Amino acid sequence: MAVGDAQFQLVTFQLGEELYGVDIMDVKEIVKIQPVRPIPNAPYYVEGIFNLRSEIIPIINLHKRFRIKKVETAEDDIDDEFQGGFIILSIDGLKIGIIIDRIARVIPVKQDEVKPPPQVLSGIGTEYIHGVIRQETGYLIILDIRRLFKAEELQKIIEIK
């Protein structure tokens, strides 16, 4: 997170019923849903791996990690817009993908708009949240991906593949 900067940008996405954001500087790319190969003996929230231009990327299911229900979409709700997919993050030089329900947009955020998270927010522990931004329709939850994916845990996931 670009701490100390007056303004930074977030890639926002829907996960379940909530809107989340991650620092754009940690996002490598966003791709549509791809087939994922399961990994034996992986942690419960590791969906598997997939091949992105000859690079093997582990995929994390935040629905399982945070115990969030997937958003239900009606058949007539589906259009040509990007629905679900993976956000490919780069954390300390390691690439990892997270499953999202729907990409939202990139938004500029002023540091003073970010407030400390409430003690419990949608079942996610505050240790994974950088902060929240109050919006007209609720809160935008800013994830702290370095706390969400600790170096040791990342290394274990990378070694599994």
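Predicted model: local features only at pLDDT ≥ 70, side-chain atom pairs only at ≥ 80, totals over all residues.
Which strands form the open sheet with mixed pairing, and in what order? Five strands build this open sheet, in the order 8-1-2-12-11. Strands here are DSSP runs of E with at least two residues, and helices are runs of H or I with at least four residues, both numbered from the N terminus. Two strands are said to pair if DSSP finds at least two bridges between them.

Residues are numbered from 1 along each chain as its sequence is written, and side-chain values use heavy atoms, with hydrogens and water left out.

Next, select strand 1 (residues 7-15), which runs antiparallel to strand 8 and is joined to it by seven bridges. Phe13 stands opposite Ile103 in strand 8, and Phe8 has Val109 of strand 8 as its bridge partner. Strand 1 is mostly covered, with seven of its nine residues buried; buried means under 20% relative accessible area, exposed over 50%, and partly exposed in between (1.4 Å probe, protein chains only).

Strand 2 pairs with strand 1 in the antiparallel sense over six bridges, and Val22 of strand 2 stands opposite Val11. Strand 1 and strand 2 form a hairpin with two residues between the strands, and in this hairpin Gly16 takes a positive phi near 65°.

**Second stop: aromatic pairs**

Display the aromatic side chains. The structure holds four aromatic pairs; rings of Phe, Tyr and Trp (its six-membered ring) pair if their centres lie within 6.5 Å, with planes under 30 degrees apart counted as stacked, over 60 as edge-to-face and the rest as tilted. One of the pairs is Phe13 with Tyr20: the ring centres are 6.0 Å apart and the planes lie at 25°, so this pair is stacked. Phe13 is buried, at a relative accessible area of 0%, and Tyr20 is also buried, at 0%.

Another of the pairs is formed by Tyr44 and Tyr45, whose ring centres are 5.1 Å apart with planes at 90°, so the arrangement is edge-to-face. Tyr44 is partly exposed, at 47% relative accessibility, whereas Tyr45 is buried, at 7%.

Turn to the open sheet in which five strands follow the order 3-6-7-5-4, with mixed pairing. Its edge strands are strand 3 (27-32) and strand 4 (46-52), each of which pairs on one side only. In this sheet the twist averages 30° from one strand to the next.

Start from strand 3, which pairs with strand 6 (residues 85-91) in the antiparallel sense over five bridges. Ile30 stands opposite Ile87 in strand 6.

Continue from strand 6 to strand 7, where the pairing is antiparallel over seven bridges. Ser90 has Lys95 in strand 7 as its bridge partner. These two strands form a hairpin with two residues between them, and Asp92 in the turn has a positive phi of about 50°.

Which direction, parallel or antiparallel, does strand 5 (residues 55-60) take relative to strand 7? Strand 5 and strand 7 run parallel and are joined by two bridges. Ile60 stands opposite Ile98 in strand 7. Five of the seven residues of strand 7 are buried, so the strand is largely enclosed by the rest of the structure.

**Last stop: Asp101**

Finally, select Asp101, in the loop between strand 7 (94-100) and strand 8 (102-110). Is Asp101 buried or exposed? Asp101 counts as buried, at 8% relative accessibility. Its side chain makes a polar contact with the side chain of His63 at 2.9 Å. A polar contact is a pair of N or O atoms within 3.5 Å; within protein, one must be able to donate a hydrogen and the other to accept it, and residues adjacent in sequence count only if both atoms are side-chain atoms.

Terms used
Axes fitted to C-alpha atoms, helices over the stretch in contact; angles between N-to-C directions.
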